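Look at the sequence and the 3D structure shown next. The paragraphs after them go through the structure step by step.

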Protein chains: 2
Amino acid sequence: MLKFFVTSKDKKARAGYFETDHGTVETPAFMPVGTQGTVKAVNQKYLEEIKTQIVLSNTYHLYLRPGTEVLEKAGGLHRFMNWQKSILTDSGGFQVFSLSDLRKVKPEGVEFKSHLDGSTHFFSPEKVVGIQRSIGSDIMLVLDECTPYPCEYEYVLNSAKLTSSWAAMSKEAFEKSLPLYGHKQFMFGIIQGSIYGDLRELSTADLIKLDFDGYAIGGLAVGEPVEIMYDTVDFTTSMMPEDKPRYLMGVGRPENLLEAIKRGVDMFDCVMPTRNGRNAYLFTSNGVLSMRNAKYKDDFSAIDDNCNCYTCTNFSKAYLRHLFIAGEILALELASIHNLNFYLSLMRTSREKIIEGNFSEWKSEIVKSISLKNKINPEE
Amino acid sequence: MLKFFVTSKDKKARAGYFETDHGTVETPAFMPVGTQGTVKAVNQKYLEEIKTQIVLSNTYHLYLRPGTEVLEKAGGLHRFMNWQKSILTDSGGFQVFSLSDLRKVKPEGVEFKSHLDGSTHFFSPEKVVGIQRSIGSDIMLVLDECTPYPCEYEYVLNSAKLTSSWAAMSKEAFEKSLPLYGHKQFMFGIIQGSIYGDLRELSTADLIKLDFDGYAIGGLAVGEPVEIMYDTVDFTTSMMPEDKPRYLMGVGRPENLLEAIKRGVDMFDCVMPTRNGRNAYLFTSNGVLSMRNAKYKDDFSAIDDNCNCYTCTNFSKAYLRHLFIAGEILALELASIHNLNFYLSLMRTSREKIIEGNFSEWKSEIVKSISLKNKINPEE
């Protein structure tokens, strides 16, 4: 079992840590997304410099490219990408249901066509465990069906039952198999049920019975109103074990993370800091800045005076704007480093505030400034 | 005057150094190209890590974007891009004659249309000096006309005369103006004359009279056979002052640099290490590798065992191939860092060998292995 310790609580918000063979992960934790074995535009040295403790990578993508044969020959993903800290891999479920066409869902798994070349593949719960053994991620996730929003109650009910069934098959395959590279691997279940309280309850109960190392909340941040997301998170965490990490998948904006922490979530991943960074949107303590804006043309101040990242300590808004306007690759790196550091710093400060016991007060204040977009930059 | 010292000679090959207010530049020197105030895909920290002593940036591009107003407000290019070592800027002549349409060459300068938006601009020798004052480069170059290859004798004759006339106007403008940022600026003349010996002679004589801080050889590496380039370099350097740096513009492949060093050249710039890197071509001590090649799929060795760069000490051929095949930005950074380090290391070793007095022997050997492309990778 994964060693997870909640060391402080501030109402529902939790500060803690867990340990893998690749180090300690302090929670609340944000996992930079390294879909294809690299966090886009940020090299491994900078990931370490911004104190990344765990990255997420994608089973679906790694299975297609470079493939399990290469990963096994490399000695697993840690060695392949030269990343010595923790790695969590999602199950591929989300990608199968969002990226690939012509999928056929069956009780024993899902058939899909590769988004790369249209070739046909089949993911069973057992196969997905096997792929994650080849990857060697510290934490693997079970195959699930991620329902879209909105989605009919009946569909969600059957889907949640299927996800529960797949979870049981996954757990069995996990227990029957062994890690390949000498370090321990752990497994999280994924709670589905869309926005239906009783289905979230059903899914949570099913998964808890299987006694996973941690539990993910899936099927959110897929288009539902943010208040419904918060309510669903709040309701779901209230049923989840106290002594296991809680991971809200694919969320979100900085303020979404803080609201979810308030509701008892410990772990997050999202492409937003890197993707938005590549699109010239920079998260700062004073709101979101669009670096293509002409007003930064001769603004030689740092992106964020409160930030100690490589970008902010070395370069100005004017330089970053120039790089974006000129289409330079360096813009992508500098923006991504800053945004990731912003997310990771936000998690570290949240943790401190929970330990100090004034998370809620701090959150109310900080949410005002970090989401100031409209007030400070009306034209963006 | 620029302080330049030739400390060792091995036949025509020279080892030396010069000093700007931004540090010592050891020669033979390779200047990574930072066209728009950034070396593509490589941040300033890695440029320092690979011991870059001087970068080249482009007057034409910087004039169009971000423009002299922004550069002046920034306090010059060094501060704008946060680069504390030396910067050389070319005059924009090459870009005007290669990138822009509808140019009109007149005795007093050249009218051209921006390749970005078609707007009309005029570069006079004086204006180009002024732009380089705004940039604050340690070494500026005079406006010249770069002739294409092949080019009629008559055209080259008139063009070389025009370049000489512009050089005189540039020198006068340089002497009449002052640096803007408290550090000294120097100026190099550019020798033209295409492949015509007597015109190279004429151009060299004209420029020497103007007593520049150094001399560039322009108008080569524009499509002429490599032996003609070598002969022209050999002939031209034999007429150039011993006590001034000699800069061969826009050259070239690693073996071209070594052949030019043998013929008395001290400085180089070329987009090849970065551009070829971004196209997955890696220069190594065992020849050029095409990283997209399927044979590297499960080759977990370093790109070059003899290389100590970030890329080679951390990542494998298989990982780099995966990044290229998957279209990941990290591939561009890792390849560019390696290729630049290869070029810079080659210059450092050349310098050592000249000092030791066995440059020619070493060059003959190393050229065999670094240009092994066809023997080692027949399918590329």
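Is E111(B) buried, partly exposed or exposed? The model is a predicted one. In it, E111(B) has a relative accessible area of 21%, so E111(B) is partly exposed. The cut-off matters here, because buried means under 20% relative accessible area. E111(B) forms a salt bridge with K104(B), and the closest N and O atoms of this pair are 3.6 Å apart.

Side chains of opposite charge can pair when their charged atoms come close. Over all chains, this structure holds 46 salt bridges.

Another pair can be found in chain A, where K176(A) forms a salt bridge with E172(A) and the closest N and O atoms are 3.2 Å apart. Both residues belong to helix α7 of chain A, which covers residues 153-176. They are four residues apart in that helix, so about one helical turn separates them. K176(A) is exposed, with a relative accessible area of 67%, while E172(A) is partly exposed at 45%.

What does the salt bridge between R14(A) and D266(A) tie together? The closest N and O atoms of R14(A) and D266(A) are 3.0 Å apart. R14(A) lies in strand β2 (residues 13-20) of chain A, and D266(A) lies in the loop between α10 (254-262) and β14 (267-269) of chain A, so the pair ties together parts that are 252 residues apart in sequence. R14(A) and D266(A) are buried. They also belong to a network of salt bridges that links K9(A), R14(A), E242(A), R246(A) and D266(A).

Next come the two chains and how they are placed. Chain B can be laid on chain A by a turn of 180 degrees with a shift of 0.0 Å along the axis, and the RMSD is then 0.0 Å. The two copies are therefore related as by a two-fold rotation axis. In chain B, the C-alpha of I329(B) is the one nearest this axis, 4.0 Å from it. The same surface serves both copies, since 100% of the contact residues of chain B recur in chain A.

How many residues does the contact take from chain B and from chain A? It takes 36 residues from chain B and 36 residues from chain A. Between them, the two chains bury about 3400 Å², with 57% of it on carbon and sulfur atoms. Six salt bridges are counted between chain B and chain A. In one of them, the side chains of E49(B) and K45(A) meet with a distance of 2.8 Å from N to O.

Several helices of chain B build the side that touches chain A. At least two residues each come from α1 (44-49), α3 (68-74), α4 (77-81), α12 (310-314), α13 (317-325) and α14 (329-356) of chain B. The largest share, five residues, comes from α13(B). By class, this side of chain B has 18 nonpolar, eight polar and 10 charged residues.

One residue, Q36(B), shows some of these contacts in detail. Q36(B) is placed in the loop between β4 (29-31) and α1 of chain B. Its relative accessibility is 6%, so Q36(B) counts as buried. The side chains of Q36(B) and E328(A) are joined by a polar contact of 2.8 Å. A polar atom of the side chain of Q36(B) also lies 3.2 Å from the backbone oxygen of A326(A). Leaving out residues up to four places away in sequence, Q36(B) touches H322(A), A326(A) and E328(A) in chain A, and S57(B), H61(B), L62(B) and R65(B) in chain B.

Some details of the backbone remain. The peptide bond from V251(A) to G252(A) is cis, with omega near 5 degrees, and G252(A) is in the loop between β13 (246-248) and α10 of chain A. In chain B, a cis peptide bond joins Y149(B) and P150(B), with omega about -5 degrees. P150(B) is in the loop between β10 (139-141) and α7 (153-176) of chain B.

Terms used. Residues are numbered from 1 along each chain as its sequence is written. Chains are lettered from A and ligands numbered from 1 in the order in which they are written. This is a predicted model: local features need pLDDT of at least 70, side-chain atom pairs count only at pLDDT 80 or more; totals for chains, interfaces and linings use all residues. Side-chain values use heavy atoms; hydrogens and water are left out. Copies are superposed by least squares on the C-alpha atoms of residues with pLDDT of at least 70 in both. Contact means heavy atoms within 4.5 Å. Buried area is the accessible area (1.4 Å probe) that two parts lose on being put together, summed over both. A salt bridge is a side-chain nitrogen of Lys or Arg within 4 Å of a carboxyl oxygen of Asp or Glu. Ala, Val, Leu, Ile, Met, Phe, Trp, Tyr, Cys and Pro count as nonpolar, Asp, Glu, Lys and Arg as charged, and the others, Gly among them, as polar. Buried means under 20% relative accessible area, exposed over 50%, partly exposed in between (1.4 Å probe, protein chains only). A polar contact is a pair of N or O atoms within 3.5 Å; within protein, one must be able to donate a hydrogen and the other to accept it, and residues adjacent in sequence count only if both atoms are side-chain atoms.
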